Amino acid sequence: MPNADNWQGDVLRDLRGTPPQRAAGHGSAQGHGPAQGHGPAQGHGPAQSHGPGQEQRPAQEQHQPRAHTQDQPQPQPQPQPQERTGAAARAGTGTPPPSRSVPASPVPAAAPARAQRPARSPDSRPVVDSALTGTARRPRRGEPAAARISRAIRRIVSSSAAREVAEITRTAERIQQPVTTGRQIAVTSIRGGAGKTTVAALLGTAYAHHRQDPVLLVEADPALGSLPLRLGAETLRWTTADLADIVEPQMSLLDVTGYLVQLPDNAWLLPGSQGRIGAMLDTAAYERVMVALRRYFGVTVVDCETLPAEVARVALSAAQARVLAAPATLDGITSTYAVLQWMQGLPRHMIAGTVVALTSTTSRPGIDVEAAAEKLRSTGATVHVLPYDRHLAAGGALRTELLARPTRLAATRLAAEVFQLSQKRR
């Protein structure tokens, strides 16, 4: 875990609301209005489509110089006379005419257009290289057959099936509550290997299964993120950085989903990269995407970078609820407890809106997991324990039908708790 002197001060300033020097402040990530420079006032009218394969007009063509007009008085610009003057000048010099007959009106200097990359459709890339697909073994169930049979017998003998069904029903009703504005839930961790991507995939799958409105999963960890692999995506094309230059307020949900990866149960994935090393995502691009997409999706789950990354800090401050994934190990508990103690000095809503997902990485952890969870709860944070699951431990595509029953129940309860916390903050 990094030293508190080299990053916690930055996190503290960001989460307390101090505006960063690079952006206009985190409040823009929650304002959800089109005042991000995407509107027609900056040269992006509705007739300017940003679909795949469409070429953008070069910027220099919008500001064609007009020949032989410096000596002519121009109380008010008139496009037609200037065009005739420019054509006459070209006739004497042999200069070929431009491709358009009438130059575009110049953009006022007070509202310069935001530079955009050409909306060129990138090539699709497979999530798993073809040379590696043969190395994966057949996925296993989350628990052995003997454990499943023993649990079924205990349920019959103890007559606990009705109670379990009632609990599942109550949990599903909590997840299905309507929202007035899209809820953003950020998942992060203190260090790598804590299971944050697995937790993000479990949350997104639970919301997509129980909710009727569209659910979005965003990979804000572009360097080596594995969220597409966990969600079973086969190919990737558009990324978060690409969509930041494309999405516009006037676009419909159908337009937006054309750039996303479709998942089962009305869920969609926005990858952070195409699996390339060195891919970057800046905070300005992340904020543009999240502000623009929030109105289309009822719940958005963000798989953030590991703290203290800059995008992760922005995502945490803009989200209505936060999930901190921590491994059920002695060093994982120690680091997480130190961070929660530090968070007690932040505004109350920060730790009150944080849920610790304590993930068991082995079937026999080296600590008392329940006792460790109680210690973490003493800081004011909510703690949920995700039991060990052979299917999750394999690291492949998540298939809910192969999860152990305790894992499915724990993941659903975690999703309900996080969603309830997100409803308390507007």
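This is a predicted model: local features need pLDDT of at least 70, side-chain atom pairs count only at pLDDT 80 or more; totals for chains, interfaces and linings use all residues.
**Briefing: a mixed sheet and the helices around it**

The protein chain contains 16 helices and 10 strands. Of its 426 residues, 44% count as buried. The points below go from the sheet to its helices, then to the aromatic pairs and the chain as a whole.

**The sheet**

- Eight strands form an open sheet with mixed pairing, in the order β5-β6-β3-β7-β2-β8-β9-β10.
- β5 and β10 (382-386) are the edge strands; each has a single partner strand, so one side of each is left without a neighbour in the sheet.
- From one strand to the next, the twist averages 25°.
- Strands β2 (residues 183-189) and β7 (residues 299-304) run parallel and are joined by five bridges.
- Within β7, Val299 is the residue opposite Arg183.

**Strand β3**

- β3 is joined to β7 by six bridges, and the two strands run parallel.
- β3 also pairs with strand β6 (residues 267-270) in the parallel sense, over four bridges.
- Val218 has Leu270 as its bridge partner in β6.
- Six of the six residues of β3 are buried, so this strand is largely enclosed by the rest of the structure.
- The cover is on both faces: Val215, Leu217 and Glu219 are buried on one side, and Leu216, Val218 and Ala220 are buried on the other.

- Helix α12 (residues 330-343) lies across β8 and β9 (354-359), and runs at about 150° to β8.

- His210 lies in helix α6, which covers residues 196-210.
- The relative accessible area of His210 is 15%, and a residue under 20% counts as buried, so His210 is buried.
- Leaving aside residues up to four places away in sequence, His210 touches Ala172, Ile175, Gln176 and Thr412.
- Thr412 is one of the buried residues of α16; others among them are Leu414, Val418, Phe419 and Leu421.
- The 19 residues of α16 should span 27 Å at 1.5 Å a residue, and the end C-alpha atoms are 27 Å apart, which agrees.

**Aromatic pairs**

- A pair of aromatic rings is described by the distance of the centres and the angle of the planes.
- The count of aromatic pairs comes to two.
- One is Tyr207 with Phe419: the ring centres are 6.2 Å apart and the planes stand at 55°, so the pair is tilted.
- This pair links distant parts of the chain, with Tyr207 in helix α6 and Phe419 in helix α16 (residues 405-423), 212 residues apart.
- Tyr207 and Phe419 are both buried.
- Trp238 and Tyr259 form an edge-to-face pair, at 4.9 Å centre to centre and 85° between the planes.
- Trp238 is in the loop between β4 (235-236) and α8 (240-244), while Tyr259 is in the loop between α9 (253-257) and β5 (261-263), 21 residues apart.
- Trp238 and Tyr259 are both buried.

**The chain as a whole**

- Among contacts between residues at least 6 apart in sequence, 81% join residues at least 24 apart.
- The protein chain exposes about 21600 Å², and carbon and sulfur atoms supply 54% of that area.

Terms used: Residues are numbered from 1 along each chain as its sequence is written. Side-chain values use heavy atoms; hydrogens and water are left out. Buried means under 20% relative accessible area, exposed over 50%, partly exposed in between (1.4 Å probe, protein chains only). Contact means heavy atoms within 4.5 Å. Rings of Phe, Tyr and Trp (its six-membered ring) pair if their centres lie within 6.5 Å; planes under 30 degrees apart count as stacked, over 60 as edge-to-face and the rest as tilted. Accessible areas come from the Shrake-Rupley method with a 1.4 Å probe; for residues, only the protein chains shown count as cover. The expected span of a helix is 1.5 Å times one less than its number of residues. Two strands pair if DSSP finds at least two bridges between them. Axes are lines fitted to C-alpha atoms, for helices over the stretch in contact, and angles run from 0 to 180 degrees between N-to-C directions.
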